[in-house]
Amino acid sequence: MKIAVINGTEKQGVTYHLKQTFLNNFQSAHIVEYYLPKDCPSFCVGCTNCFMKGESSCKDFDYINIIEKSLLEADLIVMTSPAYVMHATGAMKALLDHFGYRWMPHRPVAEMFGKRAVIITQCLGSGAKSTAQDIKHSLSWWGISKIGVFNSALMSNLIWDKLPEKKRKSLTRKINSLARKFARINYAKPAHTKIAMKIKFMICRFIQKQVQKNGVAGLDYEYWQTNGWLARKRPWKH
């Protein structure tokens, strides 16, 4: 089993501790981790080269290509981020922006429709849910249906060792429960694609057909046509 982990910060705080606890339930897995912003230090500048000319034309392609290969090879994707002003870290948002070309209306990857993912986040007061939603939004538009979410409000301290023992035990119990749920999965079988995901795909398919009719077909249309998605082929197994 292969796990790809994207850490939204290089800080080894509460979120890091929760992530480590989660991964301890996958002792036999091959785990590759990336830490932001170290492993993707540049912002997306909105040049649209990835949409118009192809992803290899991105100024940050060398960083993005390495991470994407790990994501595609992984059986499970784990993404973590503490809440920064009630949202994901800027470094995490910068990475997700770079993958805009992989959103379903553009050039999604068939492998993503069968993957599972887990999001781990926490905050001092409020913002854990909105932080998780920032990440989940992108993952779902990549085509991933099976997404587990762990979020919690600490309410007392930002340092793990200074949290009340009762709180630490509660967080540990909950993260281990989520980990065991995902550890029991048979990863030889692709995840089921939900009906809502299939509907989004069909809407995007309709858009691609309209683009062609209007005479403005580009890389996205060619990609969909090459994959056979404009005919009867679909990116999911079931």
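Modeller: Helices here are DSSP runs of H or I with at least four residues, and strands are runs of E with at least two, numbered from the N terminus. The model is predicted: local features need pLDDT of at least 70, side-chain atom pairs count only at pLDDT 80 or more, and totals for chains, interfaces and linings use all residues. Residues are numbered from 1 along each chain, and side-chain values use heavy atoms, without hydrogens and water.

Colleague: Why are helix 1 and helix 6 called oblique to each other?

Modeller: Helix 1 (residues 14–23) and helix 6 (residues 165–183) pack at about 45°, with axes 8 Å apart. Angles under 35 degrees count as roughly parallel, over 145 as roughly antiparallel, 65 to 115 as roughly perpendicular and the rest as oblique. The two helices are therefore oblique.

Colleague: What makes the F113 and F201 pair edge-to-face?

Modeller: Rings of Phe, Tyr and Trp (its six-membered ring) pair if their centres lie within 6.5 Å; planes under 30 degrees apart are stacked, over 60 edge-to-face and the rest tilted. For F113 and F201 the centres are 6.1 Å apart and the planes at 90°, so the pair is edge-to-face.

Colleague: Why is the pair of F201 and W229 classed as edge-to-face?

Modeller: Its ring centres are 5.7 Å apart and its planes stand at 75°, so the pair is edge-to-face.

Colleague: How do you know whether F201 is buried or exposed?

Modeller: Buried means under 20% relative accessible area, exposed over 50%, and partly exposed in between (1.4 Å probe, protein chains only). F201 has 0% relative accessibility, so F201 counts as buried. W229, at 1%, is buried too.

Technical notes:
Axes are lines fitted to C-alpha atoms, for helices over the stretch in contact, and angles run from 0 to 180 degrees between N-to-C directions.
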